[in-house]
Amino acid sequence: MKFTVGWLYPDLMNIYGDRGWMMSMSFSSVVARTASRR
Amino acid sequence: MIRKTAAVWAGKATGTLSRVSRRGGGTTLPGDVARIIDPKILTRLAQDLTYGSIVVTGTNGKTTTARLLSWLLEGAGHRVVANRAGANLIFGVTAAALNRAGSDGRLKADWGVFEIDEASLPKAVDEIQPRATLVLNLFRDQLDRYGELETIAKKIEKALGAVPETSRAILNADDPRVAEIGLNLARKPLWYGLDDISVASTTLPHAADARTCPRCGSSLIFDAVYVGHDGVYRCPNHDFSRPTPEIAATNIKLDGFDSLALTIDGTRIEMPLGGLYNCYNVLAAYAAARSIDLTAAYIADRLRTFKAAFGRQERVEFRGRHLILVLSKNPAGFNETVRTAVELAQGKNFIVGLNDRKADGTDVSWIWDVDFEMLKGKADVVIPAGNRAHDLAVRLKYAGVAAEQPQTDSGKALDLLIKSTREGDTAYLLCTYTAMLDLRAELVRRGWASPYWET
């Protein structure tokens, strides 16, 4: 399954934690993809 | 007068009880008690000062800058009252003044040097009526407590608009938000800033806040970036640009956390403080000192022997290890202390402390704005500590940093540091405010450091 996450105006509208959400979603998707290939 | 004296006595008694019972250093509670008895106690005490007060505000650097100023004034023979322990709400300032008041209720000092929490500035300025107000910088910090930068900027602008006509605003021209405040004032401020592109970057860190022109909203062009969003900037539509600093630092040399050197007005200043962010603090203190007629030669000579405040590059020897405690309390500050430790000091060993108490900010999601990625591949030992050590461990994992097991107990964090390092190693303790106090308290308990109110 393919899903796309949009992060709008990260340089102008980022507040605490936004970056963390993006990092954790990216990380989780990599883990999920790796797990599904096993 | 009777009310004032009663308030002073009650405050002093509270301070003594606080210290004797070891419930704290008596740096805040005496102020609470005295202000209940006489709500105007701070105004009355400030009026006793021979020459007046200088107040210091901004997100980062308040304690160090205030301490630099006190150091300069005391060296010139002045009696100085200051809230040295960093209790910078109105109660802390009141407590500091009470501590120096005599049994007759009069404050026996020539100058007051007070660091003031940004949100408390309007009240402090109203009560103290300072002779000079220094605004160092404005970065995002404790959004849950302060709100957005614009909210704080408006409060500071309002406060500066209400100071006496004889009072001078001394502002950091390199900070776009501070500059906007100063450009809106009726009286021209004294501007200071850095002028040395050899220590500048050309790109803003992602956590930089003041990216847009406050007049037209266009993205600012940064010709130099020094710390966070502090640098040399201009609006592409010519609506706004960095004011030209009257007091500028050039020829900057940095040596890790050990020392810095810079030239101001042709005077070379060398001192035992590290980091580019401290160049701003030195420059701010220099500007304030010159504004009250201390000479450049005297300032340079006096600063050579400066000693930092507790937890601000404070050095402690602990079982053969050299510990350097560095307060790091928000994204901009943390980025600078990590950068200084890794790039300038080649640091390898770290305790990173994160607490979520009121003084730290209860929302710790700001750690995701800190570039801990700088530690990846550079640090040998990284110990997440503090009551939110596990949050920090997750953040470090995402940064690709191989950290040790998180330690919520300060003693265990120090024990793990000893176990993971060798005698002669240097370790950097980068901590939020109360996490730093917890580690210091453990070092005091083990007999390796003095209580913070004695530093």
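A salt bridge here is a side-chain nitrogen of Lys or Arg within 4 Å of a carboxyl oxygen of Asp or Glu. The legends below describe a predicted model, in which local features need pLDDT of at least 70, side-chain atom pairs count only at pLDDT 80 or more, and totals for chains, interfaces and linings use all residues. Residues are numbered from 1 along each chain as its sequence is written, chains are lettered from A in the order in which they are written, and side-chain values use heavy atoms, with hydrogens and water left out.

**View 1. A salt bridge links Glu373(B) to Arg19(A).** The closest N and O atoms of the pair are 3.8 Å apart. Glu373(B) belongs to the loop between strand 14 (349–353) and strand 15 (381–385) of chain B. Arg19(A) sits in helix 2 (residues 18–37) of chain A. Helices (H or I, at least four residues) and strands (E, at least two) are DSSP runs, numbered from the N terminus. Two salt bridges are counted between chain B and chain A. Over all chains, the whole structure has 29.

**View 2. Chain B meets chain A.** Here 19 residues of chain B are in contact (heavy atoms within 4.5 Å) with 11 residues of chain A. The area buried between the two chains is about 1,400 Å², and carbon and sulfur atoms give 59% of that area. Buried area is the accessible area (1.4 Å probe) that two parts lose on being put together, summed over both. Two residue pairs are in polar contact across the interface, both at pLDDT 80 or more. A polar contact is a pair of N or O atoms within 3.5 Å; within protein, one must be able to donate a hydrogen and the other to accept it, and residues adjacent in sequence count only if both atoms are side-chain atoms. Helix 13 (residues 389–398) of chain B supplies the largest share of the chain B side, three residues.

**View 3. Nine strands of chain B form an open, mixed sheet.** Their order is 2-3-1-4-5-6-9-10-11. Two strands pair if DSSP finds at least two bridges between them. Strand 2 (80–82) and strand 11 (267–271) of chain B each have a single partner strand, so one side of each is left without a neighbour in the sheet. The twist averages 20° from one strand to the next. Strand 2 runs parallel to strand 3 (residues 111–115) of chain B, joined by three bridges. Val81(B) has Gly112(B) as its bridge partner in strand 3 of chain B.

**View 4. Five strands of chain B form an open sheet, also with mixed pairing.** The order is 12-13-16-14-15. Strand 12 (312–318) and strand 15 of chain B are the edge strands, each pairing on one side only. Strand 14 and strand 16 (residues 426–431) of chain B pair in the parallel sense over five bridges. Phe350(B) has Tyr428(B) as its bridge partner in strand 16 of chain B.

Definitions and conventions. Axes are lines fitted to C-alpha atoms, for helices over the stretch in contact, and angles run from 0 to 180 degrees between N-to-C directions.
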